[in-house]
Every structure is written in structure tokens, then in C-alpha cells.
Amino acid sequence: MKKIIAFTAAVFAAASLFAASIKVGATPEPHADLLNLIKDDLKAEGVDLKIIEFTDYVTPNEAVESGEIDANYFQHIPYLESFNSERGYHLVNAGGIHVEPIALYSKKVKNIKDLKKKARIAIPNDPTNEGRALLLLADAGLITLDPKAGITATVQDITSNPLKLKFTEVEAASLPRVLADVDAAVINGNYAIPAGLSAKKDGLYVEGSSSPYVNVIAVKAGNENKPEIQALVKALKSEKVRKFIEEKYPNGEVVVVF
């Protein structure tokens, strides 16, 4: 009888080990790579992670909203909020993991404190990146923005500019080429890296955990506190993930925010 009870207990213990399963959609790099990195760690916690790769930004949100998958990992908060607004969806942020940063660079000064009055600052001229650049400068303490402007801020929304900085709006792709002609420029990572600029080494100021452009685990509202979702976020915020990102992206293409 004792052997039967022991055997039954062992069966239930084995079954409970994989009691939770979770389907997470992700774009290949770095998102799916990071999920694959923690797959065995989650299995040890009793969560069977299934990773579904997507190559677009629409389908993974549709899949979460419909319940086809439990979560996705590819987008930043402004995109998530815009998607909700446009589609009437109910996606929420279950945890921020990393940012693919924008940064302030200069060929003329080595420290942001060395910027002088009336310094010329080049920023992207498209609406999304201009707002992002201005938010970065505001976070750095160089300017103050009208809080109503949010992520759509323009230079007209600057309410305080102590250094009387002069802003030049330039096509985002051209910013690395004009860097030597201005005192500093805010450049997106995908343009900075090919130009030999490292946010980590060369950036005067780099987006961090306060950036609204943090890439998050997105779930349908009401599911963010499910144990398997919490386990997923916890695993992605591990030292193992931090080390992997630092080693794979030494030039700051991806930066953890935890």
C-alpha cells in the first residue's frame, strides 16, 4: 500500500512539474534569442515555454488579443498603446526587459556637462523619433517639455531651455553624417552602430529604464498576474539574461533596464 501511495505521489509530482505551459510570440532577435535562453530555467520552475516566432508587428498582438498565444515580446510601450487605441485592443505591459537605445553623441565634447550655451543639437525630423529624442534630452535635464506633449513632442513643446540650445531637424539616417558639423546629435541605434558609434562607449546620454521605449512582455489585460507570466518576467530579468545581453551586444545595441 505504501509503495502504491509513493508511486502515486511521484506521478502527481511529475505531472505538476509541467502543470503550466505558456505560448509566447516574439520577433527573432533579440527577443526569441532571450526566450530560448531561459526556456530550461522555466522548465525547472514547472513552466513549459513554447516560442512562436513572428516577422511582423501586427500578428503577434492579434494572437494575444484572441487568446491564441499567452504573451508576446517584441514591442515598446508607445507601440502597444497606439495599437490598443487603433484596434480597441486590451494589451498591457507585464514587465519591461530591455531598450534598444537612442543616445546623444558628440565629436566636440566628452561629457554632457561640457555643452555650452547656444550649442547646436541635431535631432531626427520624423514625428516618432523627434519626440523620442526630445524626451531623451528632457530626461538628461537639458530641456523641459510640456507634459501634455508626451511621445509626440516637438521643439514647439519645449517650455524651458536654460542653455538656449539650437535645434536642427535632420533626417534620421543622415544624423551620423552631420555629427561633426554640430555640437551634438541624438541618433537612433540602427544608424549609430553602422557609423561606428557605441551608445555604451560614446553616448553622452543614453536611454535607460525611464525610457518609454522599453521592450516589454505584453499580455491581455487581466493575465499579467498569472503565475506563469510572472515566472516568465522574472526569468527574463535574471542575471543570466543580463550577462548574455552584455556579452552579445557589447556596443550597447541592447541594454537591460532591470
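**Entry 1: Lys-118**

I began with Lys-118, which counts as exposed because its relative accessibility is 53%. My cut-offs are under 20% relative accessible area for buried, over 50% for exposed, and partly exposed in between, with a 1.4 Å probe and protein chains only. I then looked up the backbone and found phi of Lys-118 near 65°, a positive value in a residue other than glycine. Lys-118 sits in the loop between strand S5 (102–105) and strand S6 (120–124). I take helices (H or I, at least four residues) and strands (E, at least two) as DSSP runs, numbered from the N terminus.

**Entry 2: ground rules**

I noted that this is a predicted model, where local features need pLDDT of at least 70, side-chain atom pairs count only at pLDDT 80 or more, and totals for chains, interfaces and linings use all residues. Residues are numbered from 1 along each chain as its sequence is written, and side-chain values use heavy atoms, with hydrogens and water left out.

**Entry 3: confidence**

I checked pLDDT, the predictor's confidence in each residue, from 0 to 100. The chain averages 91, and 93% of the residues score at least 70. Residues 2–18 have a pLDDT below 50, and this stretch has six contacts in the model beyond near neighbours in sequence. A contact means heavy atoms within 4.5 Å. Where pLDDT is low, the predicted coordinates should not be read in detail.

**Entry 4: more backbone angles**

Where does Lys-164 lie? I found Lys-164 in the loop between strand S8 (158–160) and strand S9 (166–170). Phi of Lys-164 is near 55°, again positive in a residue other than glycine. Lys-164 counts as partly exposed, because its relative accessibility is 48%.

Next I looked at a peptide bond. The bond from Glu-29 to Pro-30 is cis, with omega near 5°. Pro-30 lies in helix H2 (residues 28–44). I noted these cases because most residues other than glycine have a negative phi, and most peptide bonds are trans.

**Entry 5: the whole chain**

I looked up 10 helices and 13 strands in the chain. The C-alpha atoms fill a box of roughly 85 × 40 × 30 Å, taken along the principal axes. Of the 258 residues, 42% count as buried. Among contacts with a separation of 6 or more, 74% come from residues 24 or more positions apart.

**Entry 6: the sheet**

In what order do the six strands of the open sheet run? I read S2-S1-S3-S12-S4-S13, with mixed pairing. Two strands pair if DSSP finds at least two bridges between them. Strand S2 (47–53) and strand S13 (255–256) are the edge strands, and each pairs on one side only.

I followed one pair in detail. Strand S4 (residues 91–99) and strand S12 (residues 215–220) pair in the antiparallel sense over six bridges. Gly-95 has Ile-217 in S12 as its bridge partner.

**Entry 7: Glu-228**

Is Glu-228 buried or exposed? Glu-228 counts as buried, because its relative accessibility is 19%. I found Glu-228 in helix H9 (residues 227–236). Leaving aside neighbours within four places in sequence, Glu-228 is in contact with Ala-20, Ile-22 and Val-47. I also looked up Ala-19, which is 209 residues from Glu-228 along the chain. The C-alpha atoms of Glu-228 and Ala-19 are separated by 10.0 Å.
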